[in-house]
Amino acid sequence: MTLFDIFLLGLALSVDAFVVSFSYGLVLKPHKIENGLRLGISTGFFQFFMPVLGWYGARSVNKYIESIDHWLAFFVFLALGIKIIGDALENQEEPSQKLEKKLTARVLLMIGIATSIDALVTGATIYFMHTPIMLSAIIIGLTTFVCALLGYELCCAFKRFSTKYLELSAGIILIALGCKVLFEHLTS
């Protein structure tokens, strides 16, 4: 994986954090930058930590599945992409109606974990693609931090736009990365 691929992966993984931060930006009064920073730090940390955890977990089972690791990477990215697209197309209530309106430590912990579960699986996929984890995790975590902060701050300007298109784009990026991994392995 190239650094650009990892950055794209970070963007795709950070869409949930962007949407959650955007939604909190709509409901928290008064609108303070400290809340955006807290959301960014929480989601960015977990988007950094979970791939590292997944990478080390995959390392322990690598010798058993090395011959099919490219297929696993493809199907993981495909499944994550399809899930994100499905969630975007699903008829849901507005995210801002589902939120607790205070950013307590418990709420931030739940947001961090909930928005980074897919990053755990992605960490395993990064291992099977023989990509170093620390740089990848740092890029993913920083990308998520920036996207969450932007989501929180942009809510004022984009209140009327649906986040569905962001989620659809993220799903398409993940599916494209999976196809790229498979194509590169099969043609080498």
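**Briefing on the predicted model**

Lys180 and Asp5 form a salt bridge, in which the closest N and O atoms are 2.5 Å apart. The two partners lie in distant parts of the chain, with Lys180 in helix 9 (residues 164-187) and Asp5 in helix 1, 175 residues apart. These values, like the others below, are computed from a predicted model.

**The charged pair**
- Side chains of opposite charge can pair when their charged atoms come close.
- A salt bridge is counted here when a side-chain nitrogen of Lys or Arg is within 4 Å of a carboxyl oxygen of Asp or Glu, and by this rule the count comes to one salt bridge.

**Helix packing**
- Helix 3 (residues 33-59) packs with helix 8 (residues 133-154) at an angle of about 155°, and their axes are 7 Å apart.
- Because angles over 145 degrees count as roughly antiparallel, helix 3 is described as roughly antiparallel to helix 8.
- The contact of helix 3 with helix 8 has, by class, 17 nonpolar residues, eight polar residues and one charged residue, and helix 3 passes helix 8 in a right-handed crossing.
- Helix 1 (residues 3-13) also meets helix 8, where the axes come within 8 Å and cross at roughly 45°, so that helix 1 and helix 8 are oblique to each other.
- The crossing in which helix 1 passes helix 8 is right-handed.

**A nonpolar patch on the surface**
- Ile68, Trp71, Leu72, Phe75 and Leu186 form a nonpolar patch on the surface, and together they have about 450 Å² of accessible area.
- Helix 5 (residues 69-89) contributes the largest share of this patch, three residues, and Trp71 has its place in helix 5.

Key:
Residues are numbered from 1 along each chain as its sequence is written. This is a predicted model: local features need pLDDT of at least 70, side-chain atom pairs count only at pLDDT 80 or more; totals for chains, interfaces and linings use all residues. Side-chain values use heavy atoms; hydrogens and water are left out. Axes are lines fitted to C-alpha atoms, for helices over the stretch in contact, and angles run from 0 to 180 degrees between N-to-C directions. Helices (H or I, at least four residues) and strands (E, at least two) are DSSP runs, numbered from the N terminus. Angles under 35 degrees count as roughly parallel, over 145 as roughly antiparallel, 65 to 115 as roughly perpendicular and the rest as oblique. A crossing is left-handed if the near helix is turned anticlockwise from the far one by less than a right angle, and right-handed if clockwise. Ala, Val, Leu, Ile, Met, Phe, Trp, Tyr, Cys and Pro count as nonpolar, Asp, Glu, Lys and Arg as charged, and the others, Gly among them, as polar. Patches are made of residues with over 30% relative accessible area and no salt bridge: like charges are joined within 9 Å, nonpolar side chains (Val, Leu, Ile, Met, Phe, Trp, Tyr) within 5 Å. Accessible areas come from the Shrake-Rupley method with a 1.4 Å probe; for residues, only the protein chains shown count as cover.
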